[in-house]
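User: I've got this protein up on my screen and I'd like to know what stands behind the labels. Can you take me through them?

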Amino acid sequence: MTKSMTAAVIKQWGGAAMFEIAQLPIPDLEADDVLIKVAYAGVNPADWKMRDGHLASAMPNAKFPLVLGVDASGVVVATGKNVTEFSEGDRVASATNMFSAGKPGSYAEYLVVDKCRVALIPADMTLESASTIPTTGVTAWQALFGAEKGALRKGESKKILINGASGGVGSFAVQLAKWAGAEVATTCSGANLDYVKSLGADFPIDYKTQSISDEISKWAPNGLNLIVDTISADSLADPVALLKRGGRLVNIATLTDDGDVEAQIAEAKERGVEKILAFVDDASFGAEIREIVNLVEAGELSLPHTEFFELGDVVRAHEKLETGHVKGKLALWVSGDQ
Ligand SMILES: NC(=O)c1ccc[n+]([C@@H]2O[C@H](COP(=O)([O-])OP(=O)(O)OC[C@H]3O[C@@H](n4cnc5c(N)ncnc54)[C@H](OP(=O)(O)O)[C@@H]3O)[C@@H](O)[C@H]2O)c1
């Protein structure tokens with residue numbers, strides 16, 4: 001096998017124009033690692049936040065030239081000596097080790113990743129669609145069902161608002177909440193109303209032309225059980241007022257202008273509501289990706305609307321990502337379905 005690979009790299013933190021296409025050595029494989037030939041790299045808001053240097057302090061091991069990308073799909077080409085779960089030729093979806101281990105990301109022909117972040121995908125799932133699952137699917141899953149987060153259980157009849165339903169996390173959250181048996185209100189702009197309806201939204205609200213609080217008070221006069229907020233800042237005027245006592249407000253958006261969050265958590269508590277800042281827990285990524293894959297395979301979930309860009313067109317993909325108005329997901333074509 002060749003020892004070098006094509007990758008989109010940055011040589012310093014900065015804007016989208018920082019990307020260069022370069023040849024790099026294929027990363028070394030350690031005992032617990034899987035080497036994946038990347039077919040598609042999922043593109044997530046975390047990628048531009050890293051690229052800009054906002055998350056530099058959380059990535060002490062990051063080295064330039066740096067390969068970004070927290071999600072991938074592809075085919076296993078080699079495994080470390082401790083890996084029995086995967087073998088050459090397996091088709092997989094995977095999160096990367098960018099954050100915790102500072103290893104290179106997925107905007108490259110090859111990815112080395114710890115086996116616990118990898119999940120097999122079924123023969124009838126395309127690698128194209130599998131690239132949309134890892135970060136967004138698992139974040140939505142944990143935000144809804146995590147005991148310390150949404151604590152939703154399947155079969156419970158709950159009223160939920162997904163604020164920011166037409167993006168990557170929202171596309172999964174709406175469908176997972178419906179699968180669990182909840183009634184789901186959503187927010188997005190008018191351009192995406194049909195899309196969120198297609199995901200199963202019961203009560204779509206156009207945040208540009210409607211008052212979210214008026215609409216929610218009509219739909220849920222006794223208050224909501226849960227809000228999963230993927231937008232934050234001032235997108236909901238007083239989210240606590242939309243919830244019934246004992247309800248939960250799970251905020252997943254990062255690097256938003258939210259003011260004094262500690263004071264808000266204390267104030268929510270006084271008003272009988274729990275406000276939770278939720279960060280995706282990557283300890284069992286592979287198993288949770290597999291939960292989502294199983295639901296897709298069973299026909300319970302469809303994969304988000306996705307726009308693909310060539311790896312060499314990564315600048316344009318990031319410019320679009322940074323608008324904050326992506327419908328569903330963005331992904332990079334790296335080697336494609338093989
Ligand atoms: N905490 C964690 O561990 C974690 C994990 C994953 C993601 N995140 C963060 O969670 C956030 C969401 O991620 P994502 O991948 O879903 O982002 P995304 O795909 O970029 O979200 C874009 C969507 O947001 C909608 N939107 C924008 N402004 C809105 C508003 N005021 N009200 C309602 N909808 C609005 C847009 O709909 P319109 O175009 O119709 O406006 C668009 O469809 C990001 O901040 C991301 O970094 C955090």
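User: Why is Asp52 called partly exposed?

Analyst: Asp52 has a relative accessibility of 28%. Buried means under 20% relative accessible area, exposed means over 50%, and partly exposed is what falls in between (1.4 Å probe, protein chains only). So at 28%, Asp52 counts as partly exposed. Keep in mind that this is a predicted model, where local features need pLDDT of at least 70, side-chain atom pairs count only at pLDDT 80 or more, and totals for chains, interfaces and linings use all residues. Residues are numbered from 1 along each chain as its sequence is written, and side-chain values use heavy atoms, with hydrogens and water left out.

User: Where does Arg51 sit, and which residues does it touch?

Analyst: Arg51 is in helix H1, residues 45-51. Helices here are DSSP runs of H or I with at least four residues, strands are runs of E with at least two, and both are numbered from the N terminus. Leaving out residues up to four places away in sequence, Arg51 touches several others, among them Trp13, Phe19, Leu68, His318 and Glu322; a contact means heavy atoms within 4.5 Å. As for Leu68, it is 17 residues from Arg51 in sequence and 7.4 Å away in space, C-alpha to C-alpha.

User: What makes Lys178 and Asp202 a salt bridge?

Analyst: Their side chains meet at 2.9 Å, N to O. Lys178 lies in helix H5 (168-180), while Asp202 is in the loop between helix H6 (193-199) and strand S11 (203-206), so the pair ties together parts that are 24 residues apart in sequence. Lys178 counts as partly exposed at 30% relative accessibility, and Asp202 is partly exposed at 37%.

User: Why do you say that Arg271 and Asp238 tie parts together?

Analyst: Their side chains meet in a salt bridge of 2.9 Å, N to O. Arg271 lies in the loop between helix H9 (261-270) and strand S14 (274-277), and Asp238 in the loop between strand S12 (224-229) and helix H8 (239-242), so the pair ties together parts that are 33 residues apart in sequence. Arg271 is partly exposed at 30%, and Asp238 is partly exposed at 34%.

User: How many salt bridges does a search of the whole structure find?

Analyst: The search finds 17.

User: Zooming out, how many helices and strands does the protein have, and why is it called as compact as a globular protein of its length?

Analyst: The protein has 11 helices and 16 strands. Its radius of gyration is 20 Å, close to the 20 Å that the globule rule gives for 338 residues, so it is as compact as a globular protein of that length. The radius is taken over C-alpha atoms, and the rule is 2.2 Å times the number of residues to the power 0.38. Buried residues make up 54% of the 338.

Note on methods
A salt bridge is a side-chain nitrogen of Lys or Arg within 4 Å of a carboxyl oxygen of Asp or Glu.
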